[in-house]
Amino acid sequence: MLFEYELLRRIPEYKSNGIIDAQSAERLSKHLNESLAGWRPLFSGSIYFAGIILLEVSACFFAVNIWDGLPRAGRLALAFVPLIISAVYGMFVLLKNFGGLFRESAAVVNIISVGVLICASNGALNISGNFHSFSVEMMCFSLALTFLFNSNFAAATTVVWCAIFSNSFHNGYSWGVYDALFALAFFLAVFIFAARGWSKAEVLRTILGYIVCACAPFTVNGCAEIILKCSLEDGSRYYELFPWVFHFCAPAGLGSIMLLAAGRGRFHSLPVFRMPYFFVGLILSAILLVQLNTSRLFENALSKSLDCYLKIWEIEPLSGAVLTLILFAVFAGWAAMFTASLLLRKHGDWGISVLSLMFPLWLAAVFTSGDRYLVFAAASNIIFFISASVFAFSGIGRRNFFLLNVGVVMLVFQGMVRVMNSDIEVVFRAVFFGVCGIILMLFNWLLSVRKGVSK
Amino acid sequence: MKNGRLAALLFAFVLAAEAGVVLFRAFEAVDVVENGEEFMFRCENVGNISNWNMRNSKVVPQMAELAVEYGEKIPPVEAEISKAKKKKGFPSNVYVGNCNIKLGVKLGRDAEGFAKAVSYSDNPAGAGRADVKLPVWWCNFVRYDGGKKIPLEHAVLRLGVPRMELTYSRTALERIKKYLKGIDIKKRKGYVVARIKGGRVIPVDFAVNGKSFNEIASGKP
C-alpha cells in the first residue's frame, strides 16, 4: 500500500514532466485511489496516538500528586479515573469507526488503565499482590480488546503475558493443569489472530508475528512442564525423572512445524520480513544441531531420556500418558506438515523440507538413549549441510540474495559448531572464520555479477 | 470488528467486567476489614528500613513463620522426611517448601496476644473451622542452641505467613522514618495487625515498639 500511496503522490510530477500523458495519469489516479480507499499511512495518526498516551500518563501523574491528601474512598474513586478516560475514548473510536492507530491507542489506553486500576485499588485497600489472578485478569481483558479493536498491541500483550505466566511456575507459584491449558488456549487464539494477517503488508501485524513466534517455544515448553509436573503425585520428582527432556522437546517440535509451514506455497511470494515462523524454526534447528554435535550436551540431555521415559510409565502411568500424548501430537503435526510440504511443493523448497528432518532425528536420539553420538552427529550434519546447500544453490539459481545468504550462513554456522567441538589449534579456527567470511562475500559478489549480466 | 455499535456494546461489557472485578475485590476487602477477626502477627528481622522493603509508599515487613506441632501426617511431607531420614546427619530440619502444600490453619493467641497456629489440616473442609490457608516451609526435628543441635521431642511444622503490604502516603512515610530514626535498630520489635475472614487476610496496621504506624501517619503526637 505504501508503494501505491507513493505512486499516487508522484503522478502530477510525472504528468508535468511528460513521462505519462493526461489520460493515463487520470486512469492511474482513479485506480490507485480505489485501491487506497480506507487505507491510511501508518504514521499519519501517530501524533494522535502519542497525544492520547501522554494524556493518560498525565492523568496518572496528576493522580499520584494528589494521592497523599485523599482518604481511602477518594483514592479508590480516583483509581477509576483512567478507566473512565479509556472508556470514553474507546467508545468514541468504536462508534466513529476510526481505524488503524486510533484503535490501537484505545486498546493500549484501556490495558494501561486496568493495570493502574488494579494496582491502585490494591494499594488503597492494602490487598497483597497476587500475580496469578493479576495475570489471568490482564490476559482475559487483553484478549477481549484484541478482537474488539483488532489491536496488535493488545494481542502482543496477551501473548507475552502467556509466556511469562506459563514460565512463572518455577517461582514458587502453585499453577495447575488448568492454568497451563488456559495459557495455551489464549496463545492459540492470538496465534490465529496474528496468522490471519501475516500475508498482508501491515507493519504492526508483521511485528506481532515475530513476537508470537518468539513467545511460542517458551509458552509451549512452560505449559508442557506444568502439565507434566502437576500430573505427578509428587511434583518434586519431576526434576529427578526429566532432567532435560522437555527443555528442548516443545521448541524443537514447534520450530520444525513452523519451519515447514513456511514452505507451504507462499514462501517466494512473501518478503522475508513477513516470515517469522521461518526465522524461529531456523534458529531452533540450529539449536538442535548444537545439541546433537556437542558430546557433553548430547550425553547430559539425551543419554538418560529413554530410562526416564520408561521410569515415568512405571511410577506414574498418567504422566507417562500425558508425555506420550504431547510427543505424539507434536510428531503427528510434524508428519502432517512434512507430507503437505512435499505434496504442495510448487517452488522446489527442498531446503525447508530437508531441514525439518532435524526434529525426527532429535526424537530418535531421545528414544535411543542418545548412546550413538557419532551416528547422530553425522546424520544431523548431513541434513543441515544438504539443506544449506539447497538454500544456497536455489538462491543462485533464482538470483535471490536472501536464499543464498540463508544457505551460506547455515554453512558457516555448521562449520563453527564443528570447529568449536574439535581440538584444533586457535590459528586454524582463525583461518576457518576468515575463509568463511571470504566465501560469504564471494558468493554475494558472484550473484551481483549474475544479476548485472542478466539485466 | 467492523460494526461500530456492536463493538461499542461489547466494549461496554468488557469495561463492566474490568470495573466489576475491582469492585468485587474492594467490597470483599472492606468486608474483611470491617467484620474480620483481628490478629497480631510478629515480624522478624526488624532491623533497618531496607529490611522491611520500604520503597516508594509501600511497607512490606518480613513476617515471622508460625509453628505448629506435626501431628496429623501429610503424605508429601512424609515423603520428604523419609528421603531425609536416609541421609547422613539426620535428625535435621527438612525443607518441604518445594511440595507447595497449603494447610488450613486454625489460629489462636499466645500469652502476649500474638497469633499462633493451634491446629491444622490438609483438608480444611473436613476438619473444623480453619482461619486461613498457609504454606508449609519446613518440618523441624532439631533446634540449635549456641551452634549445638538438640533433637526436639515432637517434630514442628513451620508455616509461612501471607505477604503483608501496607501502603502509606509519602508524607506519612516521612513521619514514620522520623519516628524510626529515634529507636535503636537492635531494640525494634514489630508486628502487623491484620483482620481475617473467610480465609482472606488484610493487614490494617503495622507497629514498632507498640507505636502504631497509622497513628504516626495521621500526625498525632
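The model is predicted. In it, 42 residues of chain A are in contact with 36 residues of chain B, and the area buried between the two chains is about 3,100 Å².

**Extent of the interface**

- The size of an interface is often expressed as the accessible area lost when the parts come together.
- Of the area buried between chain A and chain B, carbon and sulfur atoms give 60%.

**Specific contacts between the chains**

- The interface of chain A and chain B holds 1 salt bridge.
- This salt bridge pairs B:Arg25 with A:Glu137, and their closest N and O atoms lie 2.1 Å apart.
- Between chain A and chain B, 5 residue pairs are in polar contact, counting pairs with both residues at pLDDT 80 or more.

**The chain A side**

- Two or more residues each are given to the side of chain A that touches chain B by α3 (46-67), α4 (72-79), α5 (81-95), α6 (101-124) and α7 (131-149) of chain A.
- By class, that side of chain A comprises 20 nonpolar, 15 polar and 7 charged residues.

**Chain B as a whole**

- Chain B contains 4 helices and 12 strands.
- Of the 221 residues in chain B, 43% are buried.
- Among the contacts in chain B between residues at least 6 apart in sequence, 66% join residues at least 24 apart.

How values were computed
Residues are numbered from 1 along each chain as its sequence is written. Chains are lettered from A and ligands numbered from 1 in the order in which they are written. This is a predicted model: local features need pLDDT of at least 70, side-chain atom pairs count only at pLDDT 80 or more; totals for chains, interfaces and linings use all residues. Side-chain values use heavy atoms; hydrogens and water are left out. Contact means heavy atoms within 4.5 Å. Buried area is the accessible area (1.4 Å probe) that two parts lose on being put together, summed over both. A salt bridge is a side-chain nitrogen of Lys or Arg within 4 Å of a carboxyl oxygen of Asp or Glu. A polar contact is a pair of N or O atoms within 3.5 Å; within protein, one must be able to donate a hydrogen and the other to accept it, and residues adjacent in sequence count only if both atoms are side-chain atoms. Ala, Val, Leu, Ile, Met, Phe, Trp, Tyr, Cys and Pro count as nonpolar, Asp, Glu, Lys and Arg as charged, and the others, Gly among them, as polar. Buried means under 20% relative accessible area, exposed over 50%, partly exposed in between (1.4 Å probe, protein chains only).
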